[in-house]
Amino acid sequence: MATVSEDIRKKCLVIPDNSGYDTNMFTIPVKYADYLKSILIPNGLVKDRTQKLAVDILSSVPDAKSLVVLCVLKGGYKFCSELVDAMERYVCSCEINMSLKVEFIRLKSYHNVSSTGEVEVIGISDLSHLEGKDILIVEDIIDTGRTMTKALKLLSEYSPNSVQCASLLLKRTDKSCGYVPEFIGFSCPDEFVLGYGLT
């Protein structure tokens, strides 16, 4: 069982192993009712944490006039949508002069059931337009970190001004390559998780 470093504890809320809320305390979609043993993170907590991440992200790029948000599909869509909404509200309320541009990508590192060892970015035909831009990759969950590490290496070849990653979940697993995103909603146990758009 992987432990949580002090660096990770400073970046996110840590969901303890073997924790969760009784499913009888929540409204559960019928399609999940027979499969859930507990609610790991209630929806309201996800929303509150997402708002805080939005503020942290925008504070990390104070001089940026624009931010390109790369939403990793499919699982990252719901989190990205709420994160961008929270960032836009913050930009407006604080009268920050920054535009947000959202693009959708897929990161492909498998062919059939085998890892290819390479990452292919699908959805943007020409990555060269990222040159000189501040980029935020938004992901639903980081498991081992290998795919994201390779994606970051690929994106760096196009000379962006900065590249950061926000992930709703960082899974604690002994299989981790050690990659930790700049922005993390929650550190969660190495269990199968679903809901909130996770696929």
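What follows is a short chat about helix packing and salt bridges.

Modeller: Heads up: this is a predicted model, where local features need pLDDT of at least 70, side-chain atom pairs count only at pLDDT 80 or more, and totals for chains, interfaces and linings use all residues. Residues are numbered from 1 along each chain as its sequence is written, and side-chain values use heavy atoms, with hydrogens and water left out.

Biologist: How are H3 and H4 oriented to each other?

Modeller: Helices (H or I, at least four residues) and strands (E, at least two) are DSSP runs, numbered from the N terminus. The axes of H3 (residues 43-60) and H4 (residues 77-93) come within 8 Å and cross at roughly 55°; axes are lines fitted to C-alpha atoms, for helices over the stretch in contact, and angles run from 0 to 180 degrees between N-to-C directions. Under 35 degrees counts as roughly parallel, over 145 as roughly antiparallel, 65 to 115 as roughly perpendicular, and the rest as oblique. So H3 and H4 are oblique.

Biologist: Is Glu82 buried or exposed?

Modeller: Buried means under 20% relative accessible area, exposed over 50%, and partly exposed in between (1.4 Å probe, protein chains only). Lys47 has 31%, so Lys47 is partly exposed. Glu82 has 19%, so Glu82 counts as buried.

Biologist: What separates Lys52 and Asp56 along helix H3?

Modeller: Lys52 and Asp56 form a salt bridge, with their closest N and O atoms 2.6 Å apart. Lys52, at 44% relative accessibility, is partly exposed, and so is Asp56 at 25%. Because they are four residues apart in helix H3, what separates them is about one helical turn.

Biologist: How many residues apart in sequence are the parts tied together by Lys171 and Asp143?

Modeller: The side chains of Lys171 and Asp143 meet in a salt bridge at 3.4 Å, N to O. Lys171 lies in strand E6 (residues 162-171), and Asp143 in the loop between strand E5 (134-142) and helix H5 (146-156), so the parts tied together are 28 residues apart.

Biologist: How many salt bridges does the count come to?

Modeller: Side chains of opposite charge can pair when their charged atoms come close. By the rule, the count comes to six.

Note on methods:
A salt bridge is a side-chain nitrogen of Lys or Arg within 4 Å of a carboxyl oxygen of Asp or Glu.
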